[in-house]
Amino acid sequence: MTARIVSIGTAVPPTRIAQEVARDIFAAQEGADRLARRQIHAVFDASAIAQRHTVLSEFVTGPAPAPVPAAFVDGKGRLLSPTTGARNERFIAAAPELTAAAARNALADGGVDPSAVTHVVTVSCTGLFAPGPDYRLVRDLGLSPTVERCHLGFIGCAAALPALRVASALAATRPDAVVLVVCTELCTLHLRPSNDPQQIVASSVFADGAAAAIVTADPSVGNPGGLDLDRFGTALTEEGETDMVWTIGDNGFEMILSAEVPRIIGREIQGAVGRFLGDDARPEVWAVHPGGRSVLDRVETGLDLAPEALAASRAVLRDFGNMSSATILFILASLLRDDDVPDGARIAGLAFGPGLTVESALMTRRRPAFATADDADLALAASA
């Protein structure tokens, strides 16, 4: 039987920063020369992002008192450059709570009891620890200690689709499998003041968030409907190996995000999608990872999509920024809530990661059938 996403839950840290505030914070840093300040204003203002969330509340409240690990802002509001170890301590302190919150929301929204979960798949590229997020989920949600766990680490922005592929494969091996997939990314832990144009771009788009999906092939589990996971695909582009790179440095994880990335995606996307779809008809709905506004623009042009085709992706970018792997699950969550996405609509998911890698998924929207004719009549009356 086909595995389906029963529900998706999301969670973000409470600290929200308007994009113009973030812009001014970075532009005011000591060491930012005139050219860098001009670039910061231009890049932040062109990002199509209104606000982002961060676990670093000190961006709003000032330096956190001890014993909160690592200082990211001094008393004058200047950005600091903590070591990688100090940044990772903040990940260990903040990630489990956000991970559990997204998972609880997914379970509650899907009508799935935690005791039904048989597998946990966690994803992150912004922090490392063991026992890790998968272990903590079992403890924090009170899952069975026999739940089978795996963690996909350091895959980058594209990782949610491979995680769903793993969940779909697990569901195919066990008819009773209920897989909890959670992506948690605290990207802002690795931001830093810099005159480097690539670091300025990273500082303008990345944000924090978590998203969880319940995946099963058992039709009796949870609420009916959801997204059927029809099939997946992976493609490496002809170029881009050095244009999107994610490495570990002494002062945090370091992102190389060159200006070539949107152009490479624009050149490669039609071929990658064409090979993935094959003889299948073109999907009606698109869920595209918003690596940035220019990435969405290039995908729209490269696939000859109508302007409204990427509305869900642009809305998530506007309201949350780029939360790496969690972002595309935010988009799918919005499509699950969208009454304009009809039963049977096919959804193409696209996400881009280091390499440059294109991950694809083809899904079908399934709306629950009304239990009785009376229920249908009530629904029609309510919508009239």
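How many cavities of 30 Å³ or more does a search of the whole structure find? The search finds three. The model is predicted, and the points below apply to it as such.

1. Largest cavity. This cavity holds about 170 Å³ of space. It is lined by 18 residues, and those closest to its centre are C187, A202, F206, W246 and M255. Helix 7 (197-205), strand 9 (244-249) and strand 10 (252-257) each contribute at least two lining residues. Helix 7 provides the largest share, three residues. By class, the lining of the largest cavity has eleven nonpolar residues, six polar and one charged.

2. Second largest cavity. The space here comes to about 130 Å³. Its lining consists of I17, A22, I25, F26, R52, H53, T54, F59, T188, L191, S203 and F206. Two or more of these residues come from helix 1 (19-27), and two or more from strand 3 (51-54). Seven residues of this lining are nonpolar, four are polar and one is charged. F206 belongs to this lining and is also among the residues closest to the centre of the largest cavity.

3. Largest pocket. The volume of this pocket is about 550 Å³. Of its 29 lining residues, V201, L257, P262, G292 and S294 lie nearest the centre. At least two lining residues come from each of helix 2 (34-45), helix 7, strand 10, helix 8 (260-277) and helix 9 (293-302). Helix 7 gives the most, with five residues. The lining of the largest pocket divides into 17 nonpolar, nine polar and three charged residues.

4. Second largest pocket. About 310 Å³ of space lies in this pocket. It has 19 lining residues, with V6, S7, D109, L336 and R365 nearest its centre. Strand 1 (4-11), helix 4 (84-110), helix 11 (327-337) and strand 13 (357-366) each supply at least two residues of the lining. The largest share is five residues, from strand 1. Six residues of the lining of the second largest pocket are nonpolar, eight are polar and five are charged.

5. Aromatic pairs. The count of aromatic pairs is six. One of them joins F154 and F253: the ring centres are 5.5 Å apart and the planes stand at 75°, so the pair is edge-to-face. F154 sits in the loop between strand 5 (148-153) and helix 6 (160-173), while F253 is in strand 10, so the pair ties together parts 99 residues apart in sequence. F154 is partly exposed, at 29% relative accessibility, whereas F253 is buried because its relative accessible area is 4%, under the 20% limit. Ring pairs link F154, W246 and F253 into a cluster; W246 is also one of the residues closest to the centre of the largest cavity.

6. Charge over a ring. The charged end of R231 is placed over the ring of F276, at 4.6 Å from the ring centre.

7. T237. This residue is in the loop between strand 8 (226-236) and strand 9. T237 has a relative accessible area of 12% and is therefore buried. Its side chain reaches the backbone oxygen of E239 at 2.4 Å.

Technical notes: Residues are numbered from 1 along each chain as its sequence is written. This is a predicted model: local features need pLDDT of at least 70, side-chain atom pairs count only at pLDDT 80 or more; totals for chains, interfaces and linings use all residues. Side-chain values use heavy atoms; hydrogens and water are left out. On a 1 Å grid over the protein atoms alone, a cavity is a set of points where a 1.4 Å probe fits but cannot get out, and a pocket is an open set with protein on both sides within 12 Å along at least five of seven lines; lining residues have an atom within 4 Å of a point. Grid points are joined across faces, edges and corners, and a volume is the space filled by probe spheres set on the points. Helices (H or I, at least four residues) and strands (E, at least two) are DSSP runs, numbered from the N terminus. Ala, Val, Leu, Ile, Met, Phe, Trp, Tyr, Cys and Pro count as nonpolar, Asp, Glu, Lys and Arg as charged, and the others, Gly among them, as polar. Rings of Phe, Tyr and Trp (its six-membered ring) pair if their centres lie within 6.5 Å; planes under 30 degrees apart count as stacked, over 60 as edge-to-face and the rest as tilted. Buried means under 20% relative accessible area, exposed over 50%, partly exposed in between (1.4 Å probe, protein chains only). A charge sits over a ring if NZ of Lys or CZ of Arg is within 6 Å of the ring centre and within 35 degrees of the ring normal. A polar contact is a pair of N or O atoms within 3.5 Å; within protein, one must be able to donate a hydrogen and the other to accept it, and residues adjacent in sequence count only if both atoms are side-chain atoms.
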